[in-house]
Amino acid sequence: MEYRSLGKTGLNVSVAGLGCGGNSRLGLGRGASFDDCVAVVRTAVDLGVNFLDTAEAYGTEEIVGAAARSYNRDRLVISTKAIFRGADDTAETVTRRVDAALQRLGLDYVDIFHFHAVNPATYEHHRDVLAPALIKLKEQGKVRHIGITETGPRDPEQKMLARAIEEAPWEVIMLAYSLMNQGARLNIFPTTRRREIGTLLMFVVRNIFSNAAYRRDVSAKLVEQGLLDASVLSDGDPLGFLVSEGGAESITDAAYRYARHEQGADVILFGTGNKDHVRANIDSILRPPLPPPVIERLHASFGHLTGVGLDLPGPVKGA
Ligand SMILES: NC(=O)c1ccc[n+]([C@@H]2O[C@H](COP(=O)([O-])OP(=O)(O)OC[C@H]3O[C@@H](n4cnc5c(N)ncnc54)[C@H](OP(=O)(O)O)[C@@H]3O)[C@@H](O)[C@H]2O)c1
């Protein structure tokens, strides 16, 4: 495994981070048992992953807590989050929800607590009314660092994060980034690098990369809308060249490697409920960058797209 500093938090994190939400939720999403889900987490940690991301909304905090008890707590970086919808939420609500998360995790502290999926419309309430409670919890040692995550599907232009990365108290952000959603390359990473804000990348491999039929459907619609050149469909799969010419083992391999080597990417989150996918994804994240001409082609063909592949959890059409 390779490790790096997460912004200026002082945390040393694995470049591959296990996402315990998304569509798979460690396997809970398709009915796996608690113990099977714990085994997925342990497979990742035994391969050197020390970054685990969970959330109240995923229902996986207990699983992460149970898996964490097999390891030295100091070795792990545990990130969780809660959704606060608007003006009814107060500083007291935040304190109560952090305490409840710690209880579910069975931990005295979390390394990062995030406000989850924050809309541009409620950003100021989070910053001015709710964040002071997190700052107090940080002083008490219950939360080591303060994070904020965007809602990819509802804020594809990343308006909320464009503000947050210029302001206190956010030390870490979670953002959508992939080879078909490259906006952060120009709009977010230059600032997070300059201000040393840690970045956690999600949607790196979502349905659009793991499901070929869905990818073809979405791409055909983009061609119809004039957003993609029809030539991308000439070989059937618009990303087929990543394997045939780019030397990638698979589309998911290419998608992980594309994001991993982006300047400004700290942790590449991968969501799965499958132990073989844990191993494959870590291997991909540790492989060298895609060849420069392939990256140039990805920038030229898809660099103008916004919000592609940012589906909400749930079944999608396709194989
Ligand atoms: N707003 C937010 O804060 C937010 C939003 C979204 C995600 N997240 C975080 O980011 C993490 C990652 O989410 P994501 O959107 O990137 O992914 P995701 O929704 O978990 O999607 C990954 C999908 O790809 C499949 N997959 C994974 N590895 C594969 C492989 N090697 N081959 C084929 N299929 C593979 C998974 O299915 P299998 O189970 O079959 O592997 C899963 O269906 C989440 O777990 C969560 O921690 C946060």
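Q158 is buried, with a relative accessible area of 6%. Buried means under 20% relative accessible area, exposed means over 50%, and partly exposed lies in between, using a 1.4 Å probe and protein chains only. Q158 sits in the loop between β7 and α5. Its phi is positive, about 60 degrees, although Q158 is not a glycine. Helices (H or I, at least four residues) and strands (E, at least two) are DSSP runs, numbered from the N terminus.

This is a predicted model, in which local features need pLDDT of at least 70, side-chain atom pairs count only at pLDDT 80 or more, and totals for chains, interfaces and linings use all residues. Residues are numbered from 1 along each chain as its sequence is written, and side-chain values use heavy atoms, with hydrogens and water left out.

**Backbone geometry**

R25 also has a positive phi, about 45 degrees, and is not a glycine. R25 lies in the loop between β3 (16-19) and α1. R25 is partly exposed, at 27% relative accessible area. The peptide bond from A168 to P169 is cis, with omega near 5 degrees. P169 belongs to the loop between α5 (159-164) and β8.

**The ligand site**

The shell around the ligand holds 27 residues, and S24, D53, R206, T272 and H277 come nearest. By class, the shell has nine nonpolar, 13 polar and five charged residues. Ala, Val, Leu, Ile, Met, Phe, Trp, Tyr, Cys and Pro count as nonpolar; Asp, Glu, Lys and Arg count as charged; the others, Gly among them, count as polar.

| Residue | Protein atom | Distance to a ligand oxygen |
|---|---|---|
| G19 | polar backbone atom | 3.2 Å |
| T149 | side-chain N or O atom | 2.8 Å |
| S210 | polar side-chain atom | 3.4 Å |

Taken alone, the ligand exposes 900 Å², and the protein buries 89% of that. Accessible areas come from the Shrake-Rupley method with a 1.4 Å probe; for residues, only the protein chains shown count as cover.

**Nonpolar cores**

In soluble globular proteins, nonpolar side chains tend to be buried together. The largest nonpolar core here has 88 residues, and F115 and I148 touch the most other members. A nonpolar core is a set of buried Ala, Val, Leu, Ile, Met, Phe, Trp, Tyr and Cys residues joined through side-chain atoms within 4.5 Å. Beyond four places in sequence, the contacts of F115 include F84, V94, L130, L134, I148, T149 and W170. Contact means heavy atoms within 4.5 Å. A second, separate core has 15 residues, including F51, I112, M202 and L310.

**Helix α2**

Helix α2 (residues 61-68) is largely enclosed by the rest of the structure, because six of its eight residues are buried. Those buried residues are E61, I63, V64, G65, A67 and A68. Their cover includes α1 (34-46), β4 (51-53), β5 (77-82) and α3 (91-105). Within helix α1 is A39. A39 is partly exposed, at 25% relative accessibility.

**Two buried polar side chains**

S14 lies in strand β2 (residues 12-14). S14 is buried, with a relative accessible area of 0%. A polar atom of its side chain is 2.7 Å from the backbone oxygen of A16. The S14 side chain also reaches the backbone nitrogen of F51 at 3.4 Å. Not counting residues up to four places away in sequence, S14 touches M1, E2, Y3, G48, V49, N50, F51 and V267.

Q182 is in the loop between β8 (172-176) and α6 (184-187). Q182 counts as buried, at 2% relative accessibility. A polar atom of the Q182 side chain lies 2.8 Å from the backbone oxygen of L179. Leaving aside neighbours within four places in sequence, Q182 contacts Y177, Y258, L298, H299, F302, G303 and L305. Q182 and G106 are 76 residues apart in sequence, and their C-alpha atoms are 37 Å apart in space.

Notes:
A polar contact is a pair of N or O atoms within 3.5 Å; within protein, one must be able to donate a hydrogen and the other to accept it, and residues adjacent in sequence count only if both atoms are side-chain atoms. A residue is near a molecule or strand if one of its heavy atoms lies within 4 Å of it.
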